[in-house]
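I opened the model to look up a few local features. My notes follow.

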Amino acid sequence: MGLGRYPAFVRVDVPPEQIPVFQFHEVSTASLEPVLAFMANNEYDTLTGDEYYERIVGVSPRRDREVMLTFDDGYASLYTVAFPILKKFTEYCTNKSYLD
């Protein structure tokens with residue numbers, strides 16, 4: 001797969017100049033682990049927030065198979081489910097939470 005060609009769980013055609021961002025909310029092991037296993041087995045790289053920014057502004061060159069994972073809304077499953085799976089596959093993510 002070259003730039004812009006991504007696995008079946010990507011629901012839209014991503015233009016080659018864009019980096020796919022996968023947005024998660026509440027997750028389970030059954031829903032998240034197969035996605036991260038696929039990425040690891042197919043040599044996808046998850047970007048940190050800083051790396052994503054560097055690619056967007058052109059400070060760092062794009063590489064093939066880069067994606068960004070973001071977990072929104074601060075659900076407990078980020079800590080109880082996602083963190084252990086991310087650690088298992090040595091993947092990165094960002095978290096966006098709102099505090100009232």
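Does glutamate 43 count as buried or exposed, and at what relative accessibility? I get 65%, so glutamate 43 counts as exposed. The cut-offs I use are under 20% relative accessible area for buried, over 50% for exposed and partly exposed in between, with a 1.4 Å probe and protein chains only.

Ground rules first. This is a predicted model, where local features need pLDDT of at least 70, side-chain atom pairs count only at pLDDT 80 or more, and totals for chains, interfaces and linings use all residues. Residues are numbered from 1 along each chain as its sequence is written, and side-chain values use heavy atoms, leaving out hydrogens and water.

Backbone next. I placed glutamate 43 in the loop between α1 and β2 (45-46). Helices (H or I, at least four residues) and strands (E, at least two) are DSSP runs, numbered from the N terminus. Phi of glutamate 43 is near 60 degrees, a positive value. Arginine 65, in the loop between α2 and β3, also has a positive phi, near 65 degrees. Most residues other than glycine have a negative phi.

Then I checked serine 60. It lies in the loop between α2 (49-57) and β3. Serine 60 counts as buried because its relative accessibility is 18%. Its side chain makes a polar contact of 3.0 Å with the side chain of glutamate 54. I counted N or O pairs within 3.5 Å, where within protein one atom must be able to donate a hydrogen and the other to accept it, and residues adjacent in sequence count only if both atoms are side-chain atoms.
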